[in-house]
Number of protein chains: 2
Amino acid sequence: MINPSEAAVPTEHTDPERRRVKSVVVVNTGDGKGKSTAAFGMVVRGVARGWSVGLVQFLKSGKWQVGEEKVCRDRLGVDWFAIGEGFTWDSTDLTQDEAVAQAAWAHARALIEAGEHRLVVLDEITYPMTWGWIDTDEVVATIVGRPADVNVVCTGRDAPEALVTIADTVTEMRKVKHVYDTGVLAMKGIDY
Amino acid sequence: MINPSEAAVPTEHTDPERRRVKSVVVVNTGDGKGKSTAAFGMVVRGVARGWSVGLVQFLKSGKWQVGEEKVCRDRLGVDWFAIGEGFTWDSTDLTQDEAVAQAAWAHARALIEAGEHRLVVLDEITYPMTWGWIDTDEVVATIVGRPADVNVVCTGRDAPEALVTIADTVTEMRKVKHVYDTGVLAMKGIDY
């Protein structure tokens, strides 16, 4: 039985132009579901391969990912940097939000440059990039200049062009239909 | 700080037309990456919520998911039905491939109907549906008639129209660009 997706995947040198790379940059973008969820799946895959995996959250998603965070930390041994770590929240202070995103980026940059993780997930990093809270050029330069075997996964809508350009694999999660459209409420365990 | 995706998610009754559902049907389709990977992420999310989670593989993907299977089984307690379970493989026997897919479906159907799992993932089920190895009408009827709190996630390219019709949420993973296109080989831990 041939797996159609597997059939399309080259794993051996059949073409002299083909080359092995030590790591890749993956971007999950678009307005549909599954951007962060697929990144979580890559975390599982990385852990399955015995990799050290780090994840940095760039948005405060409240309770959204508390469960995932706990499972990833406790059962999968992921180094999880929660947004706002080291800050006391004052949700009325927008400048603090910006500082929080910048602190997350400082942590992410150090994580990437240290090269101790084979996979670093930058979850929802596109938003602070779009809002100008963190510098897109610096993010791109850091990713391009990363240690050779550090894979980077970025998620979020409206991925900046500069990020798409340097990425190896970009997937747009496109909404075909969504249960909310029919007036259904978000459901714990599926949506958050 | 507002999470733009969170902002769009209704979690309270603001509209009398809105209703709670006990479970949803999710389809991840399209030619891009992330269909199964997002399903793995939903497994993590389900486990994080304390759910009992089952996963049935519908394609033989060789070593692809051995790592994920092990992590999901051993660390996350997922009931994982590997494709070909109970069969001795003879890859030259196509009728066996069909029988294997039918056995996977029989297991999946029993799993859904038993109602003991809050989440059942039917990974790559669209392929045997498309090939006529398992009956699309029966799959759709089983999903529609499932116990009220069983969520079902189906993955694979070219989701049959009948499945899309009964699904609550359908996401097309669309390839924007892929590292293979530039002649790079598949990489362990990222692609398989």
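Predicted model: local features only at pLDDT ≥ 70, side-chain atom pairs only at ≥ 80, totals over all residues.
Contact here means heavy atoms within 4.5 Å. With that in hand, residues 24 or more positions apart account for 74% of the contacts in chain A with a separation of 6 or more. Residues are numbered from 1 along each chain as its sequence is written, while chains are lettered from A and ligands numbered from 1 in the order in which they are written.

**Chain A at a glance**

- Chain A has seven helices and six strands; helices (H or I, at least four residues) and strands (E, at least two) are DSSP runs, numbered from the N terminus.
- Read from the N terminus, the elements of chain A go α-β-α-β-α-β-α-β-α-α-β-α-β.
- Of the 192 residues in chain A, 57% are buried, where buried means under 20% relative accessible area, exposed over 50%, and partly exposed in between (1.4 Å probe, protein chains only).
- The accessible surface of chain A is about 7,800 Å², and carbon and sulfur atoms own 48% of that. These areas come from the Shrake-Rupley method with a 1.4 Å probe, and for residues only the protein chains shown count as cover.

- An open sheet of 12 strands takes in both chains, in the order β3(A)-β2(A)-β4(A)-β5(A)-β1(A)-β6(A)-β6(B)-β1(B)-β5(B)-β4(B)-β2(B)-β3(B), and its pairing is mixed. Two strands pair if DSSP finds at least two bridges between them.
- At the edges sit β3 (79-81) of chain A and β3 (79-81) of chain B, each pairing on one side only.
- Direction ignored, neighbouring strands of this sheet are turned by 15 degrees against each other on average.

**Strand by strand in chain A**

- Strand β1(A) covers residues 25-29, and five of its five residues are buried.
- Both faces of β1(A) are covered, with V25(A), V27(A) and T29(A) on one side and V26(A) and N28(A) on the other.
- β1(A) pairs in the parallel sense with β5(A) (residues 151-155) over four bridges, and the β5(A) bridge partner of N28(A) is T155(A).
- β1(A) also pairs in the parallel sense with β6(A) (residues 169-177), again over four bridges; here V27(A) stands opposite V170(A).
- β2(A) (residues 53-57) runs parallel to β4(A) (residues 119-123), joined by five bridges, and V56(A) has L122(A) as its bridge partner.

**β5 in chain B**

- β5(B) (residues 151-155) is mostly covered, with five of its five residues buried.
- On one side of β5(B) are N151(B), V153(B) and T155(B), on the other V152(B) and C154(B), and all are buried.
- Four bridges link β1(B) (residues 25-29) to β5(B) in parallel, including V25(B) with V152(B).
- β4(B) (residues 119-123) pairs with β5(B) in the parallel sense over four bridges; L122(B) stands opposite C154(B).

**Where the α2 helices meet**

- Two packed helices are described by the angle between their axes and the distance between the axes.
- Helix α2 (residues 35-48) of chain A packs on helix α2 (residues 35-48) of chain B at an angle of about 85 degrees, with the axes 6 Å apart. Axes are lines fitted to C-alpha atoms, for helices over the stretch in contact, and angles run from 0 to 180 degrees between N-to-C directions.
- α2(A) and α2(B) are therefore roughly perpendicular to each other, a label for 65 to 115 degrees (under 35 is roughly parallel, over 145 roughly antiparallel, the rest oblique).
- The contact uses T37(A), A38(A), F40(A), G41(A), M42(A), V44(A) and R45(A) from α2(A), and T37(B), A38(B), F40(B), G41(B), M42(B), V44(B) and R45(B) from α2(B).
- By class, this contact of α2(A) with α2(B) has eight nonpolar, four polar and two charged residues. Ala, Val, Leu, Ile, Met, Phe, Trp, Tyr, Cys and Pro count as nonpolar, Asp, Glu, Lys and Arg as charged, and the others, Gly among them, as polar.

**Two residues to look at**

- I112(A) is in helix α4 (residues 94-114) of chain A and counts as buried at 0% relative accessibility.
- Beyond neighbours within four places in sequence, I112(A) is in contact with residues including V120(A), L122(A) and V152(A).
- D149(A) lies in the loop between α6 (136-144) and β5 of chain A and is partly exposed, at 30% relative accessible area.
- Apart from neighbours within four places in sequence, D149(A) is in contact with K22(A), S23(A) and R118(A).

Terms used. Heavy atoms only, no water.
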